[in-house]
Amino acid sequence: MPDPRFYHRAGPISAAQAAGIVGAVLPAGLDAAASIADVATFADATPRDAVFLSDKTHLPALAQSKAGFCFVAADLAASVPGHCAALTCKDPRAAFAMLAAHLYPDIAPTWGTSAVAPDAEIGVGALIAPNAVIGAKAKIGAGCKIGPHAVIGPGVVLGDTCIIGANVTITFSIIGARVIVHPGVQIGQDGFGYVATPAGPRKVPQLGRVMIHDDVEIGANCTIDRGSLADTIIGRATKLDNLVQIGHNVVIGQACILVAQSGVAGSCTIGDGVIIGGQVGIADHVTIGAGAQIASQSGLMRDVAPGEKVMGYPAKPVRQFFREVAALEKLAGGKTPKKTEG
Amino acid sequence: MPDPRFYHRAGPISAAQAAGIVGAVLPAGLDAAASIADVATFADATPRDAVFLSDKTHLPALAQSKAGFCFVAADLAASVPGHCAALTCKDPRAAFAMLAAHLYPDIAPTWGTSAVAPDAEIGVGALIAPNAVIGAKAKIGAGCKIGPHAVIGPGVVLGDTCIIGANVTITFSIIGARVIVHPGVQIGQDGFGYVATPAGPRKVPQLGRVMIHDDVEIGANCTIDRGSLADTIIGRATKLDNLVQIGHNVVIGQACILVAQSGVAGSCTIGDGVIIGGQVGIADHVTIGAGAQIASQSGLMRDVAPGEKVMGYPAKPVRQFFREVAALEKLAGGKTPKKTEG
Amino acid sequence: MPDPRFYHRAGPISAAQAAGIVGAVLPAGLDAAASIADVATFADATPRDAVFLSDKTHLPALAQSKAGFCFVAADLAASVPGHCAALTCKDPRAAFAMLAAHLYPDIAPTWGTSAVAPDAEIGVGALIAPNAVIGAKAKIGAGCKIGPHAVIGPGVVLGDTCIIGANVTITFSIIGARVIVHPGVQIGQDGFGYVATPAGPRKVPQLGRVMIHDDVEIGANCTIDRGSLADTIIGRATKLDNLVQIGHNVVIGQACILVAQSGVAGSCTIGDGVIIGGQVGIADHVTIGAGAQIASQSGLMRDVAPGEKVMGYPAKPVRQFFREVAALEKLAGGKTPKKTEG
């Protein structure tokens, strides 16, 4: 469920109201006045919360979930477990997004009138540079250094002795200790998520957080989107070079290295100790095993096994890549002598 | 002609003065005291304005133009229509740039002494966060939310209920309603344009604007350069992911999607509903038809037909790309078993 | 040696103390109380300073150096010249980094309580926009324009008539005259350098500067890391487009052009007049000769001769690249007609 430190719910809604708003049909026998408290992931849902089933691959997760309500397409409605009310609709993800937008009508951070909110907690020895802005109820750990024009959003938590550079924005985030964030980094803004609706593409409310563990370092002008409902997570001692993009719901393990200008699309899972070269692009929902290495500029569209080394566009085992480079060079008639160029 | 809300012209200049400054020759019979009021595009020029002809492909546009003066190379001077004075010179683009620099000697935005300029118009219910800076005569629509350290330049117009993130800079721009700009975005700075002159490369004054239509969303740390003379335009409901680069004079249609870290070089035209994948690079002056799809990491150097799907470096039809991938794999001796790698 | 305008040394240390901290062995006959004043490059070191030898390729540089102390692996200790004490250790780079961290325990810029430090020098006619922050002892040249929320760090020097955009951060840098820095640029933050230690990866203290010569222009949201010990240098009249990444210790010559989203990894050397296309990636320690051209999206992993034109991934001579493109197209059975796609 969305973290109440960041998201203010408009209040529960009856199943009948929800069905009306999103265009769903209640199951026979459900009390139309039954109250839906919140939107949630399968793992977090309580019997008062709603989830959605996008396709049958998530049926096992739904079976494990305690959710009391599930948006589902007609052909899968019969597969919804008995403890969960099937709210039948055409596009479950869109219905869920519309309910989320109704429950959380106003997500953008709000700012008071003073640069440092009176109810922000500033730890012992923390240094706040001129013109930094600290939002309501934010917690700044002991010994942190907050640079000029840094913006720490409402409710954000920073562990001890973090260094936050100038012109950084951090919202909707929980940050560990000794984290270094270089200037110009943007953390916690909306992920890039839309659903098709009869009225055209519609924004999916982004209700998750960014969790950054201890000893992480984030290079200048990186962007890290918050999760859509689950969290975007960066594991302990992972290092991001400059201008790296991390999409929503990405989970990165410990002690990884991501070189400059690499990009990780939404919902990827990256194991511990992975090395990702400069300008690498990773498609959404890819899983990379621990210790894998992705060479610079690779375009990765498939899962990578632990310890595997890949390269190319599309990325393939490094040896195969270089074998193909050599084969193509031979096919085309060998190398061009340098002196004929220019 | 440059929008007087943003650009302050030094005043008209005589044709003889202009010719002296840029090293052009006046046509026989032209009154040397004739006044040149401004620089302009072919489409916008009046009989008092000057344009330039870079090569003969623009002759039809010149024939349609009402321009009274045209910088032109000697070999094309005879092709200039009778209602337009041909100002002959070696490098018409450089001459035009030098005249523009003379007419607009000081382009950088100027800032007063108060963070919110007294003559800025702030709409009903608009929220201005601490430390935001609003320039002279800027107009902020009703219900807008302006984040901390956002900078709204002099003369900039924002429609109603826009959300502008922290650490955003917007200059030389006209923005529609319900536009969302995430933190760290830079909109309206100079495009990347230079001309060769006897004194070395010289900056071409950038005198256009950025026009962003309703319901656009711009991801964190994107950069959108203003037009050189015509405008950079982003159509209604188009969505940009993070770290996207849009060059000067680019025109993007409605409801397009540009995924993270893609880049569109100057003067490209992109139709409605185009999808551009992550880390795609598009060369300058390329035209992409409506509904086309450019796969992630593609390098696009040619026009794309409406509905066409391309991929690769250089980009080609998707099926052809994968046929080539398969052919090369076969040539090099098949796939490397994963277990031999690592 | 680190510039005292930016870095405050904790004081000299005895050879015995240093050896204890980093786990090195002093050579027989060295006075254990001998004082090590500082860390330095081979070129800058005095007899009171320490350097390190990572491998034998740097033996000639060490032979030329006046350094009095050198961290070195056991197998190369005998190659250290007589005027230099060989401090034997397992990982000389890590030992050097540990000593540097000891001598410079606190590198992050510090900020006073006023937005413009009382001891900053503001040149005649310089305009400081609202909310700009100028650090202690910074020098702003005559006629500079500093944008809103720009941050000029302690000790930074700007030449005359520079234009610094909004939301820019400049630290640890010496900037020439007439330099234009567009909004959102981050200059002078830590480079991306780590060493492996028994306690896991450890940050290498970054103790160099960024030197930007006259008439350089830097596009929006670029990132330029400062040197690790030597400087990152950008030569006169070089132009960077938006979102370009420059790693630590990179040296770029005069009048180069780097198009948007290109990235140059650490310690590259780029000659005068080089043109680097959009989204190019250049691996670390590559040397590019004067006048060379690197086509857009190339991945460059080797040196490039002066005037050479390369393209591709990995980059090769342009003609060879296109010959290979044609050969692969032929192998795969020719072009796919457009009408079968979409």
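What follows is a short chat about a predicted model.

Visitor: What should I know before I look?
Guide: This is a predicted model, in which local features need pLDDT of at least 70, side-chain atom pairs count only at pLDDT 80 or more, and totals for chains, interfaces and linings use all residues. Residues are numbered from 1 along each chain as its sequence is written, while chains are lettered from A and ligands numbered from 1 in the order in which they are written.

Visitor: How many residues of chain C are in contact with chain A?
Guide: On the chain C side there are 44, and they meet 40 residues of chain A. Two residues are in contact if their C-beta atoms, placed from the backbone, lie within 7 Å.

Visitor: Which elements of chain C give two or more residues to that side?
Guide: They are β20 (200-203) and α4 (318-331) of chain C. α4(C) gives the most, with eight residues. Helices (H or I, at least four residues) and strands (E, at least two) are DSSP runs, numbered from the N terminus.

Visitor: And by class, what is on the side of chain C that touches chain A?
Guide: That side has 19 nonpolar, 19 polar and six charged residues. Ala, Val, Leu, Ile, Met, Phe, Trp, Tyr, Cys and Pro count as nonpolar, Asp, Glu, Lys and Arg as charged, and the others, Gly among them, as polar.

Visitor: New topic. Which domains does chain A have?
Guide: The assignment gives domain 1 (13-103) and domain 2 (172-321). Such bounds come from an automatic or database domain assignment. The C-alpha centres of the two domains of chain A lie 30 Å apart.

Visitor: How many residues of domain 1 of chain A are in contact with domain 2?
Guide: Eight residues of domain 1 of chain A are in contact with nine of domain 2 of chain A. On the domain 1 side, the largest share, five residues, comes from helix α3 (residues 92-103) of chain A. By class, that side has five nonpolar, one polar and two charged residues.

Visitor: What about the backbone at Gln279(B)?
Guide: Gln279(B) has a positive phi of about 60°, although it is not a glycine. Gln279(B) sits in the loop between β31 (275-276) and β32 (281-282) of chain B.

Visitor: Is Gln279(B) buried or exposed, and why?
Guide: Gln279(B) counts as buried because it has 28 C-beta neighbours inside 10 Å. The cut-offs are 20 or more other C-beta atoms within 10 Å for buried, 12 or fewer for exposed, and partly exposed in between, with C-beta atoms placed from the backbone.

Visitor: Where is Pro314(C)?
Guide: Pro314(C) is in the loop between β36 (309-312) and β37 (315-317) of chain C. The peptide bond from Tyr313(C) to Pro314(C) is cis, with omega near 0°.
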